[in-house]
Amino acid sequence: MAAGAAGAFRRTPIERSDQRVAWERTDQAFFAAGACHILAWVCRDSYADRSIEIAAVHFAGERQVFHVYAIWDGWAFDHSGWHPEPQLLTVNTEFEGYPLERVKITVSLAEFCEKHHHRMPNQYWHDPLPRALEYVGRYIPPWA
């Protein structure tokens, strides 16, 4: 699968207001917009023997991140699988039409969610962790 822009899957107003409707989207749409942070943390935790980190992007000059992903040795993992991180950044920048800045996330999932107004796993329609674990397993990591 080619690297895809997270913004192409932005939630509609009804998907933002109704967790059941948001949950029923395709896995790719769900993990591109609305649960990308969950996917990133599950990816990192799934490969505890690797030095996987978490990163996010926001519009240059702003503080609110809008897409989160896992990174390992120059590779990024998000809703579109594993790709070189520069490719992920380029596709998102081109889609948005504005410069993006990458930030390294060094806090826990709970701290991240509180700071950036994202949902914790228990705030979804159903538990997203098994869904994320299954999604991570669909993609062969770059070290394999």
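Which residues line the second largest pocket?

**View 1. The second largest pocket of this predicted model and its lining.** The lining is made up of His58, Glu62, Arg63, Val65, Val103, Lys104, Ile105, Thr106, Val107, Phe112, Lys115 and His116, and the pocket that these residues surround has a volume of about 160 Å³. At least two of the lining residues come from strand E5 (100-105), and at least two come from helix H6 (109-116). Sorted by class, the lining of this second largest pocket holds five nonpolar, three polar and four charged residues.

**View 2. The largest pocket and the residues nearest its centre.** This pocket has a volume of about 420 Å³, and its lining consists of 18 residues, among which Arg11, Arg16, Gly34, Phe66 and His118 lie nearest the centre. Eight residues of the lining of the largest pocket are nonpolar, six are polar and four are charged.

**View 3. Aspartate 73 in the loop between two strands.** The loop that holds aspartate 73 runs between strand E2 (67-72) and strand E3 (75-78). Most residues other than glycine have a negative phi. Aspartate 73, however, has a positive phi, near 50°. Because its relative accessible area is 64%, and so over the 50% cut-off, aspartate 73 counts as exposed.

View 4. With a relative accessible area of 68%, histidine 117 is exposed.

Conventions
Residues are numbered from 1 along each chain as its sequence is written. This is a predicted model: local features need pLDDT of at least 70, side-chain atom pairs count only at pLDDT 80 or more; totals for chains, interfaces and linings use all residues. Side-chain values use heavy atoms; hydrogens and water are left out. On a 1 Å grid over the protein atoms alone, a cavity is a set of points where a 1.4 Å probe fits but cannot get out, and a pocket is an open set with protein on both sides within 12 Å along at least five of seven lines; lining residues have an atom within 4 Å of a point. Grid points are joined across faces, edges and corners, and a volume is the space filled by probe spheres set on the points. Ala, Val, Leu, Ile, Met, Phe, Trp, Tyr, Cys and Pro count as nonpolar, Asp, Glu, Lys and Arg as charged, and the others, Gly among them, as polar. Helices (H or I, at least four residues) and strands (E, at least two) are DSSP runs, numbered from the N terminus. Buried means under 20% relative accessible area, exposed over 50%, partly exposed in between (1.4 Å probe, protein chains only).
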